[in-house]
Amino acid sequence: MYSRKTVIANATGLHARPASDFIAAAGEFESKIKIRRVGGDPEEDVGNAKSIINVLALGLAQGEEVELSAEGPDEKQAVDRLVALIDSKFGE
Amino acid sequence: MYPIVYQFKSTMDDYREMTFFSTFSFRKGQNIAILLTWITGTTAFLLDLAKVIKMTATIHLCALMVAVTMPVLFVSYLTNVRRFKINGADYRKKTHTVLLGKDDIQYKESGNIHTGADKWDDIAYAFETDHLFLLYRTSNNAVLLPKRSTTEKQIEETRICLQEKLGVRFKIRCRTKPRKKAQTE
């Protein structure tokens with residue numbers, strides 16, 4: 001299992017369009033990927049990073065810290081790619 | 001345009017509007033016919049009671065049934081709202097996420113790890129009212145999307161989406177701004 005933390009940097013947070021880009025990127029990997037709000041409820045503030053409804057339900061806003069964790073054959077590439085995507089502000 | 005996302009907490013006003021709509025406002029013409037029938041029936045029943053007119057026992061009974069229909073519907077509406085006010089406190093605290101996608105509609109409720117989805121074909125019909133979009137799976141199972149939780153642009157996108165996905169199964173039951181005017185605002 002590999003995990004990394006990052007901060008949501010884009011102004012609109014992880015809303016519809018960025019979330020679509022995010023799950024499209026997550027779907028390219030075989031590993032199971034989770035996204036969790038740091039400091040949030042351990043059961044409620046965690047979701048499958050490949051499910052758009054789970055990602056959107058987290059309602060992640062600008063400035064919130066998230067942890068991405070993955071388990072599987074390409075876990076490191078998956079987490080690094082998704083962290084890079086969040087850090088790139090989804091092209092905004 | 002896709003996905004269109006709604007994130008909201010239900011309020012008493014949402015439930016009140018949905019219940020009122022479900023009880024009274026399916027079709028405008030039908031409602032006018034029911035109202036006219038009720039006025040006629042009630043008037044006939046009262047006139048018969050006051051011995052102004054004379055009706056047979058059967059017609060008197062029919063008039064009585066017509067006269068009580070509207071009050072019974074209204075009491076049923078008030079009872080449902082009251083029941084939701086008492087039993088729905090936990091439900092009203094939950095945040096609902098509804099996603100209108102190209103192929104389906106997805107749902108998630110805070111505090112519940114499970115998600116739900118319906119194909120567009122599974123939606124029987126949908127209505128737009130002054131403050132809500134109502135998506136009915138069956139006649140007594142609806143998903144409500146409050147307009148207050150979103151922007152004018154997204155309301156217009158939702159309208160286009162429902163017209164595209166449901167066609168004649170989507171009906172607008174409120175006044176909408178002309179599209180050109182809405183775009184300029």
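Trainee: In this predicted model, which residue of β6(B) is the bridge partner of B:Tyr125?

Mentor: The partner of B:Tyr125 is B:Tyr136. Strand β5 (residues 125–128) of chain B and β6(B) are joined by 4 bridges and run antiparallel.

Trainee: What makes β5(B) and β6(B) a pair of strands?

Mentor: Two strands pair if DSSP finds at least two bridges between them. Here 4 bridges are found, and the strands therefore count as paired.

Trainee: Which residue of β7(B) is the bridge partner of B:Tyr136?

Mentor: That partner is B:Ala142. Between β6(B) and β7(B) there are 6 bridges in the antiparallel sense, and a hairpin connects the two strands through 2 residues.

Trainee: What is the order of the strands in this sheet of chain B?

Mentor: The 4 strands stand in the order β7-β6-β5-β8, forming an open sheet with mixed pairing.

Trainee: Why are β7 and β8 of chain B said to stand at the edges?

Mentor: β7 and β8 (170–172) of chain B each have a single partner strand, so one side of each has no neighbour in the sheet. From one strand to the next, the twist averages 15°.

Trainee: Which strands of chain B does α1(B) lie across?

Mentor: α1(B) lies across β5, β6 and β7 of chain B, and runs at about 55° to β6(B).

Trainee: How do you know that the length of α1(B) agrees with that of a helix of 13 residues?

Mentor: At 1.5 Å a residue, helix α1 (residues 12–24) of chain B should span 18 Å. The C-alpha atoms at its ends are 18 Å apart, and the two values therefore agree.

Trainee: Which residues of α1(B) are buried?

Mentor: They are B:Asp14, B:Tyr15 and B:Met18. Seen down the axis of α1(B), these buried residues fall within an arc of 95°, so they line one face of the helix. In general, an α-helix has 3.6 residues a turn, so residues three or four places apart point the same way.

Trainee: What do the buried residues of α1(B) pack against, and which exposed residues are on the face turned away from the buried side?

Mentor: The buried residues pack against α3 (57–87), β6 (132–138) and β7 (141–146) of chain B. The face turned away carries the exposed residues B:Met12 and B:Asp13.

Trainee: Why is A:Phe90 called partly exposed?

Mentor: Partly exposed residues lie between the exposed limit of 12 or fewer and the buried limit of 20 or more. A:Phe90 has 19 other C-beta atoms within 10 Å, and is therefore partly exposed. A:Phe90 is found in the segment after α3 (75–87) of chain A; its phi is positive, about 55°, although it is not a glycine.

Trainee: What puts the buried residues of α1(A) on the same side of that helix?

Mentor: The buried residues of helix α1 (residues 16–26) of chain A are A:Pro18, A:Ala19, A:Phe22, A:Ile23 and A:Ala26. They cover an arc of only 130° around the axis, which puts them on the same side of α1(A). They pack against β2 (32–37), α2 (52–57) and α3 of chain A.

Trainee: Which strands are at the edges of the sheet of chain A?

Mentor: The open sheet has 4 strands in the order β1-β4-β2-β3 (chain A), with antiparallel pairing. Its edge strands are β1 (2–7) and β3 (46–48) of chain A, each pairing on one side only.

Trainee: How many bridges join β1(A) to β4(A)?

Mentor: There are 6 bridges between β1(A) and strand β4 (residues 65–71) of chain A, and these strands run antiparallel. A:Arg4 stands opposite A:Leu68 in β4(A). α3(A) packs on the sheet, where it touches β1, β2 and β4 of chain A, and its direction makes about 5° with that of β1(A).

Technical notes:
Residues numbered from 1 in each chain as written. Chains lettered and ligands numbered in written order. Predicted model: local features only at pLDDT ≥ 70, side-chain atom pairs only at ≥ 80, totals over all residues. Expected span 1.5 Å × (residues − 1). Arc of directions from axis to C-beta. Contact = placed C-beta atoms within 7 Å. Axes fitted to C-alpha atoms, helices over the stretch in contact; angles between N-to-C directions.
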